[in-house]
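Please look over the sequence and the model shown here before reading on.

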Amino acid sequence: MKNKLIICLIALISFSMSTAQSFIGFDIGFNVPTAGAALPGFEEIKLANGATVPDTTALVASLNIGPAVHFRYGNWLNENVAVGLNIGYLTGLTKGDFEVYSGPGTIAVNTVSGKMLNVTPTITLSTSNSAPKALYIRSGLTFGFGFTTKIETEVPAASVTSLREFVGGGALGFSGAVGGRKDLSEKLALYAEFELTSLMHKPRELQVTSTDPTGTQEVTFNIVETTGPNSSPLDVRTYAIPYSSIALNIGLQFSL
């Protein structure tokens, strides 16, 4: 009996996939960051012994900000359910500038930007695939990779600049959207949606380039989970850099 149920289930899935209607889509969106976590290295706290440490509570924000493009492919299993794959790229064209007061007459200007690729297997639930208008919700786990997070700092009064690049590593998060679709023709449809992404990136390396009147220095730090008395001077404790956002996406969908 159990074998018969398995055979019937496989046959049903095969039939659904063979009769599924495929579609592709392309859209352009704009991401508005949601408060995710403290971004690293925006202020320094002076300790009693004269040493300084980064104050990672100085700024709470997210780097998933700015224009993004998405390519989508999927199959309708029936009138209301589709499975698909979304591929997105955050362009990082929009940057955030933040000023930090370091002392009398000294202000450091930090410019932050981020880029990433992401792939999301999705499930879409729609009111009706064949109707000229439909509402839908879409969700899935999103995999982020190809991250490049940059923090550029300039202190004009001291002729000092530095570039911190957090690179490497991947991230696993969640993406969900709610939207609507309107047919423009038999094969072409226009859609718009609000998308929520929750994603935290832990980079593997921190590359620092500093320039002052004496010259330029380049140092690469290894980002590790923990540090201790025997740790290498080039080991720094891990950062969790937020890439969470709410986005408005508008695009076209083509039925194949």
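How many helices and strands does the chain have? The chain has one helix and 19 strands, where helices (H or I, at least four residues) and strands (E, at least two) are DSSP runs numbered from the N terminus. This is a predicted model, in which local features need pLDDT of at least 70 and side-chain atom pairs count only at pLDDT 80 or more, whereas totals for chains, interfaces and linings use all residues. Residues are numbered from 1 along each chain as its sequence is written, and side-chain values use heavy atoms, with hydrogens and water left out.

**The chain as a whole**

- Of the 256 residues in the chain, 37% are buried, a class that means under 20% relative accessible area, with exposed meaning over 50% and partly exposed in between (1.4 Å probe, protein chains only).
- Among the contacts with a separation of 6 or more, 67% join residues 24 or more positions apart, a contact being heavy atoms within 4.5 Å.
- The accessible surface of the chain is about 14,400 Å², and carbon and sulfur atoms hold 64% of this surface; the areas come from the Shrake-Rupley method with a 1.4 Å probe, and for residues only the protein chains shown count as cover.

**Cavities and pockets**

- On a 1 Å grid over the protein atoms alone, a cavity is a set of points where a 1.4 Å probe fits but cannot get out, while a pocket is an open set with protein on both sides within 12 Å along at least five of seven lines, and lining residues have an atom within 4 Å of a point.
- Grid points are joined across faces, edges and corners, and a volume is the space filled by probe spheres set on the points; by this rule there are three cavities of 30 Å³ or more.
- The largest cavity has a volume of about 220 Å³, and of the 20 residues that line this cavity, Phe23, Thr124, Tyr136, Arg138 and Gln253 are the closest to its centre.
- Two or more residues of the lining of the largest cavity come from each of strand 1 (21-33), strand 6 (66-76), strand 7 (81-90), strand 9 (106-126), strand 10 (133-155) and strand 13 (188-198).
- The lining of the largest cavity is made up of eight nonpolar, eight polar and four charged residues, where Ala, Val, Leu, Ile, Met, Phe, Trp, Tyr, Cys and Pro count as nonpolar, Asp, Glu, Lys and Arg as charged, and the others, Gly among them, as polar.
- The second largest pocket has a volume of about 160 Å³, and of the 14 residues that line this pocket, Gln21, Asn129, Asp183, Glu186 and Ser255 are the closest to its centre.
- The elements that each give two or more residues to the lining of the second largest pocket are strand 1, strand 12 (171-183), strand 13 and strand 19 (245-255), and this lining divides into four nonpolar, six polar and four charged residues.

- Strand 6 and strand 7 pair in the antiparallel sense over nine bridges, two strands being paired if DSSP finds at least two bridges between them.
- Tyr89 lies in strand 7 and is partly exposed, with a relative accessible area of 32%.
- Leaving out residues up to four places away in sequence, Tyr89 touches Pro67, Ala68, Val69, Lys115, Met116, Leu117 and Asn118.
- The C-alpha atoms of Tyr89 and Gly144 are separated by 9.6 Å, and the two residues are 55 residues apart along the chain.

**Strand 11 and Leu163**

- Strand 11 (residues 160-167) holds Leu163, which counts as partly exposed at 24% relative accessibility.
- Strand 10 and strand 11 pair in the antiparallel sense over eight bridges, and Arg164 in strand 11 is the bridge partner of Ile151.
- In the hairpin of strand 10 and strand 11, with four residues between the strands, Ser159 takes a positive phi near 55°.
- Strand 11 also pairs with strand 15 (residues 205-212) in the antiparallel sense over seven bridges, and Ser210 in strand 15 is the bridge partner of Ser162.
- Leu163 touches Lys150, Ile151, Glu152, Gln207, Val208 and Thr209, not counting residues up to four places away in sequence.

**Strand 1 and Ser22**

- Ser22 lies in strand 1 and is buried, with a relative accessible area of 17%.
- The C-alpha atoms of Ser22 and Asn75 are 4.3 Å apart, with 53 residues of separation along the chain.
- Beyond residues up to four places away in sequence, Ser22 touches Tyr73, Gly74, Asn75, Phe254, Ser255 and Leu256.
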